[in-house]
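Subject: Structure handover

Hi,

Here is the structure I promised to pass on. Have a look at it first, and then read my notes below.

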Amino acid sequence: MSDIAERLAELERLGLSRRLRMISGPQGPTVLLDGKPVLLLCSNNYLGLADHPRVREAAADAAMRWGVGAGSSRLVSGSMTIHRRLEERLAGFEGTESCVLFGSGYLANIGVIGALAGADDVIFSDELNHASIVDGCRLSRAEVVIYRHRDIEHLDWSLRRHGERRARRLIVTDSVFSMDGDIAPLAHIAELAQIYGARIVVDEAHATGNVGPDGRGAVAAAGLEGEIDVVIGTLGKALGSYGAYACASTEMVQYLINTARSLIFSTAPGPPAAAGALAALELLQERPHRVGRLRSNARALRRGLAGEGFGVADSEMHIVPLIVGEERAAMALCQQALELGVFAQAIRPPTVPAGTSRLRLTVMASHTPGELREAARTLCEAARRVGIDPEQVMAPAAEPLDEVQEIETALGRAERLAASTAAEDDEASGTPTPFDFERDAPGAAPAVAPSLGEELAALSERIEEPGAATELFDVEREATVRAA
Ligand SMILES: Cc1ncc(COP(=O)(O)O)c(C=O)c1O
């Protein structure tokens, strides 16, 4: 047996083997899968634009006018007028000075991260960031500090601990997390970036077209337009095409054009993909009601699932994870649902952490509420048939991203910034401030109980070991709570 065959057999044994499923025809709300019509409940064609007649026509027309391929990278002969038109429109949409296209979201993330951090730098990355961000961090050769999912205190602590000896600091996060459908605390992250002099890259792959005012994304919803160093988005999800973009200041975009290796060393997106995305963006801006339909559809699916006993929160978030846990159980549920006419692909490690395999349901604006309610019933029936109790299926709460909450966050931000500046002033004047690692630990910490002090000292000694830094953070957090 070859090593490849052995590895494949091992994947099969672990319930992690994958195969390609074949769809005939376009990516509509219902598709023909392996010849059978099924409701499509796992596509990122959120706004239903991938098969919209105007988008198709624009792509076909572009193929006739400019041809299919760009023929080379953007920096050689591959920059075409259709790219520039799309870039200008995207910059306007994102509220930034400038924009540059990449071949895909994956390429954009590895290119931008590598341009903004190198061997002497440090990157702070949410533990549930997308694989393309993870790979971008690895490729950059920077020190990578993983902070707990959406844990702003952990990020704050990590910035304080790891940053000072490094030349550049970069915080990178998904805005809407692809597998859980929850949202990064962007306003808090922006605040920390300001305090610690870090840059921020936000990946809006699952937010563009879907969340925020008129679908302009989570950055716009948080009132942070123009405050994020680089906003990345893909053209392959809500914008129904293929390719990606980075929106930023003119200076930053010039820098990316000069330094992002995945832009420099890769062929430019083909004219049909760019023209299709441009038509989709125009449609989104002309008729933002499509975003409203996506949201009400998300509610319909969530309420339908809750009515069937699944522990799904009522919100407008279009990504609905049904976390089954074990890999084979998730696959069995997926297969049973397919047999009953609902296509919701099971997602397993390494895409999600071990033991959290799930059906990742995604709503589209082109579904009808009736189809989604029926899908909820089908999923319940499928779960019962494979011996899964819907009430045991976990679904992390997706927080509502309504404008009110975000405005409150933005208001709170100013207050917190003032408070943290005051804390720094206190430090300068010698007034005790909340627990601080550098100052209070180990040993000389009046606020820390002796046993905690010892624990901190022991942890500090083995700080380079995997997981030790996070343990240290936990002990420190406990110390802070006790001191308070
Ligand atoms: C958060 C996130 N970023 C980036 C990407 C990659 O985008 P693309 O499919 O355009 O390569 C994805 C795709 O799944 C994603 O979920």
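Let me start with a helix pair: H6 and H7 are roughly parallel to each other, because angles under 35 degrees count as roughly parallel, over 145 as roughly antiparallel, 65 to 115 as roughly perpendicular and the rest as oblique. Helix H6 covers residues 152–162 and helix H7 residues 186–196; their axes come within 11 Å and cross at roughly 15°. Axes here are lines fitted to C-alpha atoms, for helices over the stretch in contact, with angles running from 0 to 180 degrees between N-to-C directions. The crossing of H6 past H7 is right-handed; that is the label if the near helix is turned clockwise from the far one by less than a right angle, and left-handed if anticlockwise.

On the H6 side, Ile152, Leu155, Asp156 and Leu159 meet His188, Ile189, Leu192 and Tyr196 of H7. By class, this contact of H6 with H7 has 6 nonpolar, 1 polar and 1 charged residues. (Nonpolar means Ala, Val, Leu, Ile, Met, Phe, Trp, Tyr, Cys and Pro; charged means Asp, Glu, Lys and Arg; the others, Gly among them, are polar.) Two residues are in contact if their C-beta atoms, placed from the backbone, lie within 7 Å.

Before going further, some housekeeping. This is a predicted model, where local features need pLDDT of at least 70 and side-chain atom pairs count only at pLDDT 80 or more, while totals for chains, interfaces and linings use all residues. Residues are numbered from 1 along each chain as its sequence is written.

Now the overall picture. The protein chain has 18 helices and 14 strands, which are DSSP runs numbered from the N terminus (helices are H or I, at least four residues; strands are E, at least two). Of the 484 residues in the protein chain, 49% are buried. A residue is buried if 20 or more other C-beta atoms lie within 10 Å of its own, exposed if 12 or fewer, and partly exposed in between, again with C-beta atoms placed from the backbone. Among contacts in the protein chain with a separation of 6 or more, 70% are between residues 24 or more positions apart.

Next, two covered strands. Strand S5 (residues 122–126) has 5 of its 5 residues buried. Val122, Phe124 and Asp126 point one way from S5, Ile123 and Ser125 the other way, and all are buried. S5 pairs with S6 in the parallel sense over 5 bridges, and Asp126 has Tyr147 as its bridge partner in S6. Strands pair if DSSP finds at least two bridges between them.

Strand S9 (residues 230–234) is also mostly covered, with 5 of its 5 residues buried. Val230, Ile232 and Thr234 face one way and Val231 and Gly233 the other. What does S9 pair with? Strand S8 (residues 199–203) runs parallel to S9 and is joined to it by 3 bridges, with Ile232 as the bridge partner of Asp203. Strand S10 (residues 244–248) pairs with S9 in the antiparallel sense over 4 bridges; there, Cys247 is the bridge partner of Val231.

Helix H1 (residues 3–13) is another story: of its 11 residues the number buried is 0, so H1 lies largely in the open. H1 is followed by Gly15, whose phi is positive, near 75°.

Most residues other than glycine have a negative phi, and most peptide bonds are trans. Asp34 has a positive phi near 45° and is found in the loop between S2 and strand S3 (36–40). Because Asp34 has 10 C-beta neighbours inside 10 Å, Asp34 counts as exposed. Arg141 has a positive phi near 70°, in the loop between helix H5 (131–140) and strand S6 (143–147); with 13 other C-beta atoms within 10 Å, Arg141 is partly exposed. There is also a cis peptide bond joining Pro349 and Pro350, with omega about 5°, and Pro350 lies in the loop between strand S13 (346–347) and strand S14 (357–362).

Last, Leu33, in strand S2 (residues 30–33). Leu33 is partly exposed, with 17 other C-beta atoms within 10 Å. Leu33 touches Arg21, Ile23, Val38 and Phe343, not counting residues up to four places away in sequence. The C-alpha atoms of Leu33 and Ile23 are separated by 4.6 Å, with the two residues 10 apart along the chain.

Cheers
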